[in-house]
Amino acid sequence: MEAARQYNVHEAKTHFSRILQQVETGEEVVISRAGEPIAKVNRTDYGALRGQIHIPEDFDELPDGIAEAFGMRG
């Protein structure tokens, strides 16, 4: 696996468009301040878990006593 490209904050601001292109093609980019990494940027494929997550119909219903325990019902 190839190491992430690292840019300091000034380079990241100056070359923002190029960095976005790198991320779009799947590269990981690290932005650093004073040599310390402060942000890691990588592409996320939205919808990657589509069809794998099920939310039951009663999801919003709280079990007996829970709402009262948290002061939500009197």
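Phe-59 sits in the loop between strand 3 (36-41) and helix 3 (66-69); helices (H or I, at least four residues) and strands (E, at least two) are DSSP runs, numbered from the N terminus. This is a predicted model, where local features need pLDDT of at least 70 and side-chain atom pairs count only at pLDDT 80 or more, while totals for chains, interfaces and linings use all residues. Residues are numbered from 1 along each chain as its sequence is written, and side-chain values use heavy atoms, leaving out hydrogens and water.

Three strands make an open sheet in the order 1-2-3, with mixed pairing. Its edge strands are strand 1 (5-8) and strand 3, each pairing on one side only. Two strands count as paired if DSSP finds at least two bridges between them. Strand 1 and strand 2 (residues 29-33) run parallel, joined over four bridges, and Arg-5 stands opposite Val-29 in strand 2.

Keep your eye on Arg-5. A search of the whole structure turns up one salt bridge (a side-chain nitrogen of Lys or Arg within 4 Å of a carboxyl oxygen of Asp or Glu). Arg-5 forms a salt bridge with Glu-27, their closest N and O atoms being 3.1 Å apart. Glu-27 lies in the loop between helix 2 (16-24) and strand 2, and Arg-5 in strand 1, so the pair ties together parts that are 22 residues apart in sequence. Glu-27 is partly exposed at 25% relative accessible area, and Arg-5 is partly exposed too, at 39%.

Technical notes: Buried < 20%, exposed > 50% of the residue type's maximum accessible area, 1.4 Å probe, protein only.
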